[in-house]
Amino acid sequence: MRLLIALLLPWLLFFTVGRPISGVICLILQITLVGWIPAAIWAVYSLSQFKTDRKIKKAMAGGGLASLGSDMDGVMGGSDSQSDSDGGDGGDGGD
């Protein structure tokens, strides 16, 4: 539904995603018939960004990405047991 709004009335889409200043600028651009195509492209791009931001917020709220960081510590060498395995000599192999 929002994609259809983005193509037919690009300025209105910005108001539905909470960007009223961009909506006014887009309306000014859309007033000229030449500016309609760039306004529609801008609205579709903005809709894509809005959906991406919403997915990121949903993943962060559900712990989807937050738990990934703690799982990667062991893989990336972030755990203490792995860093102490060289004996504490700095890993240069000896004196």
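Predicted model: local features only at pLDDT ≥ 70, side-chain atom pairs only at ≥ 80, totals over all residues.
Biologist: How many aromatic pairs does the model hold, and what is the angle between the planes of Trp11 and Phe15?

Modeller: The count comes to two aromatic pairs. In the pair formed by Trp11 and Phe15, the ring centres lie 6.1 Å apart and the arrangement is edge-to-face, a class that asks for planes over 60 degrees apart. The angle between these planes is 80°.

Biologist: Which helix holds both Trp11 and Phe15?

Modeller: Trp11 is partly exposed, at 25% relative accessibility, and Phe15 is also partly exposed, at 39%. The two residues are four apart, about one turn of the helix, and both lie in helix H2.

Biologist: Is the pair of Phe14 and Trp42 stacked, edge-to-face or tilted?

Modeller: The ring centres of Phe14 and Trp42 are 4.7 Å apart. Planes under 30 degrees apart would count as stacked and those over 60 as edge-to-face. Because the planes of Phe14 and Trp42 stand at 50°, the pair is tilted.

Biologist: How many residues apart in sequence are the parts that Phe14 and Trp42 tie together?

Modeller: Phe14 is buried, at 0% relative accessibility, whereas Trp42 is partly exposed, at 27%. Since Phe14 lies in helix H2 and Trp42 in helix H4, which covers residues 36-62, the pair ties together parts whose separation in sequence is 28 residues.

Conventions: Residues numbered from 1 in each chain as written. Heavy atoms only, no water. Phe/Tyr/Trp six-rings, centres within 6.5 Å; stacked < 30°, edge-to-face > 60°. Buried < 20%, exposed > 50% of the residue type's maximum accessible area, 1.4 Å probe, protein only.
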